[in-house]
Amino acid sequence: MVQAIIFDFFGVIRTDALKSWLTFHNFEPNDEMRTAIKQVDRGDISADQFFAMLGKISGQTPAEILHEMEHGAALDYHILELIKQLKPKYKIGLLSNASSAFIRTILREYQLDPYFDTVVVSSEVGLIKPEPAIFKLALKQLDVPPEQTVFIDDSPANVAGAKDVGIRSMIYTTSQALRNDLTALGITFD
């Protein structure tokens, strides 16, 4: 029986602004950029340092990059409604690879904290998905066993990482497909 559902943030609940920016500029992440993404997600470098690095690559100022990333980025209100319907019956977690300052600003601005029973941000805990330890931390904070938990992410690598820990996991594509997949697992909505 499912007791908890853990959601990724960027690419599921909100547009992944970095991916959108990379696609818009036709940038293919090189090794330097992939390393910087891991560093900012783990909390080894600040968001400001990360944007400065992107500026070096793109020739834009960090402010221009942030403006472009935020322009067009949006919350998926269908997913938020789905979470509202799940919350009375299930523990709801948020597990995100992100800079703390960046994601906490969004959560505060849109008053999203009440949607979740726990929020695990990679840069705050020094771990990143798909490392097993970050999934185990989220399970511990929710006080649920892996086999009674579902994890939703748009990254196949992160979904595989959660499965390796014993969590039922699914790749996010659309809110309707997610609703159908959760219903197929016997999950009910209020």
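Start by selecting Ser-123: it is buried, with a relative accessible area of 17% (buried means under 20%, with a 1.4 Å probe and protein chains only). The model is predicted, with local features needing pLDDT of at least 70 and side-chain atom pairs pLDDT 80 or more, while totals for chains, interfaces and linings use all residues. Residues are numbered from 1 along each chain as its sequence is written, and side-chain values use heavy atoms, without hydrogens and water.

Ser-123 sits in helix H7, residues 122-125 (helices are DSSP runs of H or I, at least four residues, and strands are runs of E, at least two, numbered from the N terminus). Now show Ser-100. Its backbone nitrogen lies 2.7 Å from a polar atom of the Ser-123 side chain. Beyond neighbours within four places in sequence, Ser-123 is in contact with residues including Val-40, Asp-41, Arg-42 and Gly-43 (contact means heavy atoms within 4.5 Å).

Next, select Thr-118 in strand S3, residues 118-121. Thr-118 counts as buried at 10% relative accessibility.

Last stop: the lining of the largest pocket. Colour H2, which gives the largest share, five residues.

Note on methods: Buried means under 20% relative accessible area, exposed over 50%, partly exposed in between (1.4 Å probe, protein chains only). A polar contact is a pair of N or O atoms within 3.5 Å; within protein, one must be able to donate a hydrogen and the other to accept it, and residues adjacent in sequence count only if both atoms are side-chain atoms.
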